[in-house]
Amino acid sequence: MGTVFDIQHYAVHDGPGIRTLVFLKGCPLSCGWCCNPESQTFQPQLRYVAFRCQKCLRCVESCPRHAITHGDVGPIIERTSCQDCESWPCLEQCPGGALLRTGRSMTATDVIEEVAKDIDFYRNSGGGVTFSGGEPFAQPAFLLELLSLAKRRGISTAVETCGHAMPQHLQAAEPAVDHFLFDLKVMDPVRHAQLTGRDNELILANLELLASLAPHKITIRHAVIPGCNDDALNHEAIVNCMNRLGLRSLHLEPYHPLGEGKYAELGRRYACDADARSLKPERMQLLKTFFIERGLDCEFA
Ligand code: SF4
Ligand code: SF4
């Protein structure tokens with residue numbers, strides 16, 4: 001059993017061909033720019049979509065923990081009281097679909113049954129399943145079971161990882177993974193800790209480990225976040241690291257603030273002050289050229 005917060009079909013990024021993306025809940029990092037804030041905690045969470053709310057306040061009466069109270073403009077959810085709910089009665093009472101549960105327990109067999117529905121697409125396009133998150137290695141036993149079941153069905157596999165994982169879990173998974181999409185966010189350890197909540201010592205050691213096992217499986221992913229990691233020193237350090245480890249494939253992802261609204265739905269504040277407008281296509285093209293001139297195969301989304 002594991003906790004999954006989304007399964008998306010017919011994706012064309014996040015690995016080759018047509019893919020199904022399985023999002024596992026829980027992450028050891030806490031990047032301020034994360035576009036999936038619902039991925040960060042391990043427990044299922046309540047989302048409140050304000051524009052769907054009819055202000056009927058049925059949810060107030062339904063909650064056995066008194067986690068919802070009357071507010072001036074609708075319900076107010078007390079997040080510390082709304083934890084580990086067993087039956088989620090507020091969802092059933094909500095007529096407008098304003099309350100949503102994010103995260104559910106699934107067996108690995110059920111996940112792979114869902115993934116296998118598109119097996120013909122994978123065969124025709126060279127695609128497969130990509131396990132993402134959150135951090136998939138934060139549920140290591142579940143991930144290993146998923147990988148093993150996918151392989152038994154002949155489905156190609158990819159894992160998108162922030163690299164903050166136990167090395168033995170990476171080692172155990174490696175034979176069943178066809179593609180690693182490995183994030184490098186910030187190379188300076190102090191800055192990494194400031195921006196993600198943890199330094200990058202373990203991440204870089206894990207990248208070195210994977211590069212020694214299967215360098216051909218690794219694509220480095222670098223999310224370009226203006227004002228956070230979009231500077232020459234960081235980019236030179238990425239080049240040096242990849243060249244030292246014999247890695248060539250780099251995928252850039254321009255920052256976008258599309259996940260901003262989800263923070264409010266989870267009762268959180270969006271704390272990233274990156275300026276998306278400063279990240280024009282010309283800037284991404286310049287960056288791509290920068291990396292190609294230094295010997296890397298570079299693309300951007
Ligand atoms: S999920 Fe459970 S605890 Fe949270 S508001 Fe709804 S009924 Fe109350
Ligand atoms: S039950 Fe749903 S629609 Fe009614 S007040 Fe609560 S969140 Fe809004």
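Is Y270 buried or exposed in this model? Y270 is buried, because its relative accessible area is 14%, where buried stands for under 20%, exposed for over 50% and partly exposed for the range in between (1.4 Å probe, protein chains only).

Before the tour continues, some conventions apply. The model is predicted, so that local features need pLDDT of at least 70 and side-chain atom pairs count only at pLDDT 80 or more, while totals for chains, interfaces and linings use all residues. Residues are numbered from 1 along each chain as its sequence is written, chains are lettered from A and ligands numbered from 1 in the order in which they are written, and side-chain values use heavy atoms, with hydrogens and water left out.

**Aromatic pairs**

Keep Y270 selected and turn to the rings. Rings of Phe, Tyr and Trp (its six-membered ring) pair if their centres lie within 6.5 Å; planes under 30 degrees apart count as stacked, over 60 as edge-to-face and the rest as tilted. The model holds four aromatic pairs by this rule. One of them joins Y263 to Y270 in an edge-to-face arrangement, with 4.9 Å centre to centre and 70° between the planes. Y263 is buried as well, at a relative accessible area of 2%.

Select F290 and F291 next. These two residues form an edge-to-face pair, 5.1 Å centre to centre with 85° between the planes, and both are buried.

Display ligand 1 with its surroundings, taking residues that have a heavy atom within 4 Å of it. The shell comprises L46, C63, P64, R65, I68, C82, C85, W88, P89 and C90. By class there are nine nonpolar, no polar and one charged residues; Ala, Val, Leu, Ile, Met, Phe, Trp, Tyr, Cys and Pro count as nonpolar, Asp, Glu, Lys and Arg as charged, and the others, Gly among them, as polar.

Move to ligand 2. Its surroundings include Y48, C53, Q54, K55, C56 and L57, and the shell divides into 10 nonpolar, one polar and one charged residues.

Select E160, in strand β9 (residues 157-161); strands (E, at least two residues) and helices (H or I, at least four) are DSSP runs numbered from the N terminus. E160 is buried, with 15% relative accessible area. Its side chain makes polar contacts with the side chains of S132 (2.7 Å) and R221 (2.9 Å). A polar contact is a pair of N or O atoms within 3.5 Å; within protein, one must be able to donate a hydrogen and the other to accept it, and residues adjacent in sequence count only if both atoms are side-chain atoms.

D183, in strand β10, is the next stop. Buried at 13% relative accessible area, D183 has contacts (heavy atoms within 4.5 Å) beyond four places in sequence with E160, T161, C162, I203 and R221. The D183 side chain also makes a polar contact with that of K185 (3.3 Å).

**D188**

Finish at D188, in the loop between β10 (179-183) and α7 (189-196). D188 counts as partly exposed because its relative accessibility is 41%. Its side chain reaches the backbone nitrogen of R191 at 2.8 Å.
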